[in-house]
Amino acid sequence: MVTEGASTNAWILTQERELVTRQIGDEILYGVTRNSIKKVAEQWRLKVIERPFSLEDVKSAREAFITSTTSFV
């Protein structure tokens, strides 16, 4: 399962236009940028789902990206 990068949060946009990222826990970073993306997604009426996702999910996604304080989406 995909969790995160060394200092980044991983995301996918599914074919159904659901934005998926791993839920906060011991294996995930809590990020300010992560929270900002969730707020923007709400404004755009994208459903945000916090759950684990696999490499196969990434391969079949519409989009995949990472977020961090020091990088652009």
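In this predicted model, Glu 56 sits in helix α2, which covers residues 55-60. Glu 56 counts as exposed because its relative accessibility is 54%, and the cut-off for that label is over 50%. Its C-alpha atom lies 18 Å from that of Asn 9, a residue 47 positions away along the chain.

With a relative accessible area of 84%, Asp 26 is classed as exposed, since the label applies over 50%. From Asp 26 to Ala 6, the C-alpha to C-alpha distance is 14 Å, for a separation of 20 residues in sequence.

Turning to the chain as a whole, the secondary structure consists of two helices and four strands. Their order along the sequence is β-β-α-β-α-β. The C-alpha trace extends over about 30 × 25 × 20 Å along its principal axes. The radius of gyration is 11 Å, which agrees with the value near 11 Å that a compact globule of 73 residues would have.

Taking the contacts between residues at least 6 apart in sequence, 64% connect residues at least 24 apart. Buried residues make up 32% of the 73 in the chain. The accessible surface amounts to about 5,000 Å², and carbon and sulfur atoms account for 52% of that area.

It is also worth looking at the largest pocket, which holds about 200 Å³ of space. Two elements each give two or more residues to its lining, namely α1 (32-43) and β4 (63-67). Of the elements, α1 contributes the most, with three residues. The lining comprises Leu 13, Leu 19, Ile 37, Val 40, Ala 41, Trp 44, Leu 46, Glu 63, Phe 65 and Val 73. By residue class, the lining of this pocket is made up of nine nonpolar residues and one charged residue, with no polar ones.

Notes:
Residues numbered from 1 in each chain as written. Predicted model: local features only at pLDDT ≥ 70, side-chain atom pairs only at ≥ 80, totals over all residues. Heavy atoms only, no water. 1 Å grid on protein atoms, 1.4 Å probe; cavity = no way out; pocket = protein on both sides within 12 Å on 5 of 7 lines; lining within 4 Å. Points joined across faces, edges and corners; volume = space filled by probe spheres on them. Nonpolar A, V, L, I, M, F, W, Y, C, P; charged D, E, K, R; others polar. Rg over C-alpha atoms; globule rule 2.2 N^0.38 Å. Buried < 20%, exposed > 50% of the residue type's maximum accessible area, 1.4 Å probe, protein only. Contact = heavy atoms within 4.5 Å. Areas by Shrake-Rupley, 256 points an atom, 1.4 Å probe, with all protein chains shown as cover.
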